[in-house]
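Here is a friendly briefing to read alongside the sequence and the 3D view. It covers the ligand shell, a helix pair and the sites annotated in UniProt.

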Amino acid sequence: MKPLIAPSILASDFANLQKEVEMLNQSEADYIHVDIMDGVFVPNISFGIPVTEAIHKHAKKPMDVHLMIVRPENYLEAFRKAGAEILTVHLEACPHLHRTLQAIKQMGAKAGVAINPHTSVTLLAEIIEEVDLVCVMSVNPGFGGQKFIENTYSKVSRLKDLIISKNSKTLIEVDGGVNLTNAPLLFQAGADVLVAGSFVFNSADPIQIISQLKESV
Ligand code: DX5
Ligand code: ZN
């Protein structure tokens, strides 16, 4: 088994989006990670629905859309129509998480839940069987290029234990500061999907880095 790799388009050259997406199509990437920031849930604004549609127009890999927004339930349908295959909402933004996850699944998408660095995996105990993917934030969401938080390794293994104890098929994704040093350790701890933004796009050879991340375990 190897990890799935989800390069984050946030770190790409937005003036050459088509070229960047075509590069990912040629690579061993499994998903295209699309970061949506609203300037309210997180202190930054990225892009929204039209840009997600534009990425989808060229993408040959499934889009993994990470909604760092308040009231995500109001925008699920729009992002699904824009091509999202996985729709991930933040636990901290969802007072009715169970209802929100059902809504995502009714649209035919996979339902993801992201948790901030301070959020305990124990808060997922009653809902884990309904979740297709948990996105464990290994930086505070809002910006690419931040330093990886070391507590993530033990957090991922606690989450893995919870998933196994419930006999669930939930995938664990790790998002933020992923590189070739921490990737093998995250995989060992139980991560299934690794998101990498700046480490991929700031390198001289992104295709090569994506393949190295996959083979690093
Ligand atoms: C952070 C985003 C991440 C980010 C990852 O708010 O959710 O997906 O783009 O970028 P790097 O890999 O540069 O930390
Ligand atoms: Zn993300």
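Which strands and which helix each supply at least two residues of the shell around ligand 1? They are strand S2 (32–37), strand S8 (193–196) and helix H7 (198–201). Please keep in mind that this is a predicted model, in which local features need pLDDT of at least 70, side-chain atom pairs count only at pLDDT 80 or more, and totals for chains, interfaces and linings use all residues. Residues are numbered from 1 along each chain as its sequence is written, while chains are lettered from A and ligands numbered from 1 in the order in which they are written. Helices (H or I, at least four residues) and strands (E, at least two) are DSSP runs, numbered from the N terminus.

**Around ligand 1**
- Ligand 1 has 22 residues around it, and Ser8, Pro141, Gly144, Gly197 and Ser198 come nearest (a residue is near if its C-beta atom, placed from the backbone, lies within 6 Å).
- By type, the shell around ligand 1 holds nine nonpolar, eleven polar and two charged residues (Ala, Val, Leu, Ile, Met, Phe, Trp, Tyr, Cys and Pro count as nonpolar, Asp, Glu, Lys and Arg as charged, and the others, Gly among them, as polar).

**Helices H1 and H2**
- Helix H1 (residues 17–26) packs with helix H2 (residues 49–58) at an angle of about 45°, their axes being 9 Å apart (axes are lines fitted to C-alpha atoms, for helices over the stretch in contact, and angles run from 0 to 180 degrees between N-to-C directions).
- On the H1 side, Leu17, Gln18, Val21 and Glu22 make the contact, and on the H2 side Ala54, Ile55 and His58 (C-beta atoms, placed from the backbone, within 7 Å).
- The residues of this contact comprise four nonpolar, two polar and one charged.

**Sites from UniProt**
- An unreviewed UniProt entry places the "active site" at Asp35 and Asp175; such annotations may be inferred rather than shown by experiment.
- For "binding site", the unreviewed UniProt entry lists His33, Asp35, His66 and Asp175.
- Spread over 143 residues of sequence, they still cluster in space, with a largest C-alpha distance of 10.5 Å.
- Strand S2 holds His33 and Asp35.

Notes:
Two residues are in contact if their C-beta atoms, placed from the backbone, lie within 7 Å.
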